[in-house]
Amino acid sequence: MNTALPGWTGPAVVLALALLLVPEPTAAQGVRTPPVLERTTADPLANDVVDELFFGGRPSEAFQRLELRIERDSADVEARWRAARAALNLGILEDREEAEEQWFVVAGDHGEAAASLRPDDSEVLYWAAASLGREALQHGPRTSTRLVQQVWDLTHRVLELDPDHPGAHNILGKLNQEVMSLSGFERFLGRLLFSIDPLKEATWEAALDHHARAVEADPSTILFRRDYGETLAALDRHDEARAMWQAALALPSVYPVDDRFKDDIRRMLAELP
């Protein structure tokens, strides 16, 4: 099973918000009305049907069917982590800011519920971490820093269960990069205000190591190469970043968000010195 993290970024933004002590926003509103189910399938809510919709570029339909399963059984962990995955993709694809925020909060809720239901499943914990990372951007400082610490803890737990899990390495690579991209003063002030492990333990070496391990374990995932290239570019290793991004553009799109990631890569390539 592919374990690509759909574009979770932003610990630097989270920490900057924390330093500014912005207020908590209002809670997200509900999402779309469930669809009318097709009658041609024996079980239109089955995992294989939902996965086919998701990887076929129809994540909204997949999510709507998963919502029906969760309404029927709130402890359906297979539906919960798939709902987190679908909502996360839908948030990345969303162009409207308010709707984007709502999708990320929904993704975090489903991911956290799935992790509580099955705390020793590396795939479940991975999607929880991916979703909570995006949700962290939608909250004020106290909630955001709590969620960032939770993402850190979840990904380390994933690596305890599966040391070569590419998605977990990708998250930690990106998290280390984002923290190290803060100024020294911002990191110092953040440590004074919020005692969380990412602020205390992040290094550029860890960012590079985790990204390299993610790409080595899963060289066919566009996101992993996109994020690795970003870290290389941040360290002025431009030729290596260019090669990493060009390799990513040559890969086939698998996830609903992959074409969006390729657009990001083309933009970053154009901005390289």
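**Notebook: helix packing in a predicted model**

I began with what covers the buried residues of α14, and the cover includes α4, α12 (222-234) and α13 (238-249). I took buried as under 20% relative accessible area, exposed as over 50% and partly exposed as in between (1.4 Å probe, protein chains only). Contact means heavy atoms within 4.5 Å. Helices are DSSP runs (H or I, at least four residues), as are strands (E, at least two), numbered from the N terminus.

I noted the ground rules. This is a predicted model, where local features need pLDDT of at least 70 and side-chain atom pairs count only at pLDDT 80 or more, while totals for chains, interfaces and linings use all residues. Residues are numbered from 1 along each chain as its sequence is written, and side-chain values use heavy atoms, with hydrogens and water left out.

**Overall**

I counted 14 helices and 0 strands. Of the 273 residues, 55% are buried. I also checked contacts with a separation of 6 or more: 69% of them join residues 24 or more positions apart.

**Helix α14**

I looked at α14 (residues 258-271) next. Its 14 residues reach 20 Å from first C-alpha to last, close to the 20 Å expected at 1.5 Å a residue. That expected span is 1.5 Å times one less than the number of residues. I listed Asp-258, Phe-261, Lys-262, Asp-264, Ile-265, Met-268 and Leu-269 as buried in α14. Seen down the axis, the buried residues fall within an arc of 155°, so they line one face of the helix. The arc is that of the directions from the helix axis to the C-beta atoms. Ala-270 and Glu-271 are exposed on the other side of α14.

**α3 against α4**

I then turned to α3 (residues 59-72) and α4 (residues 77-93). Their axes come within 9 Å and cross at roughly 145°. Axes are lines fitted to C-alpha atoms, for helices over the stretch in contact, with angles from 0 to 180 degrees between N-to-C directions. From α3, the contact residues include Phe-63, Leu-66 and Ile-70; from α4, they include Ala-83, Ala-86 and Leu-90.

**Gln-149**

I ended on Gln-149, which sits in helix α7 (residues 141-161). Gln-149 counts as buried because its relative accessibility is 15%. Leaving aside neighbours within four places in sequence, I found Gln-149 in contact with Ile-196, Asp-197 and Pro-198.
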